[in-house]
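Okay, thanks for making time, everyone.

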Amino acid sequence: MKLSPIALLFALSIQGAIVPDVRVLINKQDFLAAEKLIESLRSGGPWTPELIEAQSWLGRGALFAKQYDKALVYAAQTRKLSLEALRTRKLDDEARLPIGFGASIEVEGQALAGKGQLSEAITFLNQELKAHWSTSIRTRIQKNINLLSLEGKRAPDLELKEMIGPNVAVSLSKLKGKPVLLFFWAHWCADCKAQAPIISDLLTKFGKKGLMIIGPTQRYGYVAGGDDATPEVEKAYIATIYSKSYAVIPGMSAPLSEENFRIYGSSTSPTLVLIDKTGIVRMYNPGSLSMEKLSAKIEPWL
């Protein structure tokens, strides 16, 4: 069924609300109802970036439910729609298509791993990383590679050209003999600010045993309220946020680099990475952790 121009404009105007509605159904694992909702809103019209993002949540929901075969089917559908959209636009022309397309890659990789096909998953993700190296989804793809393979490997070194906080530029390769916790944070991130006191308590508990904290951060091109900012203006703003919310962590230097986030796949804020005394990654965790869970992760490597 084709929509009239007026009906199509109306449908497009309300599509921005579809993702939350689909997520409600996905949380109930009502995939059929979510499919019907997406199709009823599209109603024969174009697959917009908003609808593709909504479609991607079907795969994410199935992955969370460990329904891996279903997740792979949904991921393939989202991927096909994304590639069709990319015939007439670049991936980063707007914000929603990268979310949906990135999710399809994430779901396929993680679902393959969930089915016991780890080698195939990593091969697929590395292929996608190479194909989308110069786009915004590079960091997200790297996160999924790291989730599947970084623990047990040598930690990549950090870029240290710019610093916030104590201007101590020490490469990870020169910190052997001390365990290091990397705490990736963003100036806009409320969860990061909530994590900071926990990190401070960890340093109080384990600092005498050699634990070091490094807090990489990056620019996003804006400051408070979403106002666009030059690199220097944003750096000054980040320094202000550091002083207010992160100086509670004594001596934490904060390398300022977008490349660090890409290398470590820090598309989730905060991201926490534990490196042992020999420079090997022992924990890779996108998201916050409690004091109890972090302590349990760190103690064996002190």
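So, which residues line the second largest pocket? Before I answer, keep in mind that this is a predicted model. The lining consists of Arg23, Ile26, Asn27, Gln29, Trp57, Arg60, Gly61, Leu63, Phe64 and Glu106. Two elements, α2 (18-27) and α4 (49-64), each give two or more residues to that lining, and α4 has the largest share, with 5 residues. By type, you get 4 nonpolar, 3 polar and 3 charged. The space in there comes to about 290 Å³.

Now the largest pocket. Its volume is about 920 Å³, and 23 residues line it. If you want to find its centre on the screen, look for Ser136, Ile137, Thr139, Tyr220 and Ser267, which lie nearest to it. The elements giving two or more residues to this lining are α6 (96-114), α8 and α11 (258-263). Of these, α8 gives the most, with 4 residues. The lining here splits into 8 nonpolar, 8 polar and 7 charged.

Let's stay with α8 for a moment, the helix that covers residues 138-149. Arg140 sits in it. Is that arginine buried or exposed? Its relative accessibility is 16%, and the cut-off for buried is under 20%, so Arg140 counts as buried. What is it in contact with, once we leave aside neighbours within four places in sequence? The partners are Arg60, Ile99, Gly102, Ala103, Glu106 and Ser267.

Last stop, strand β5, residues 271-275. Why do we call this strand largely enclosed by the rest of the structure? Because 5 of its 5 residues are buried. Both faces are covered, with Thr271, Val273 and Ile275 on one side and Leu272 and Leu274 on the other.

As for its partners, β5 pairs antiparallel with β2 (residues 180-184) over 5 bridges, and 5 bridges also join β5 to β6 (residues 281-286), again antiparallel.

Terms used: Residues are numbered from 1 along each chain as its sequence is written. This is a predicted model: local features need pLDDT of at least 70, side-chain atom pairs count only at pLDDT 80 or more; totals for chains, interfaces and linings use all residues. Side-chain values use heavy atoms; hydrogens and water are left out. Buried means under 20% relative accessible area, exposed over 50%, partly exposed in between (1.4 Å probe, protein chains only). Contact means heavy atoms within 4.5 Å. Two strands pair if DSSP finds at least two bridges between them. On a 1 Å grid over the protein atoms alone, a cavity is a set of points where a 1.4 Å probe fits but cannot get out, and a pocket is an open set with protein on both sides within 12 Å along at least five of seven lines; lining residues have an atom within 4 Å of a point. Grid points are joined across faces, edges and corners, and a volume is the space filled by probe spheres set on the points. Ala, Val, Leu, Ile, Met, Phe, Trp, Tyr, Cys and Pro count as nonpolar, Asp, Glu, Lys and Arg as charged, and the others, Gly among them, as polar.
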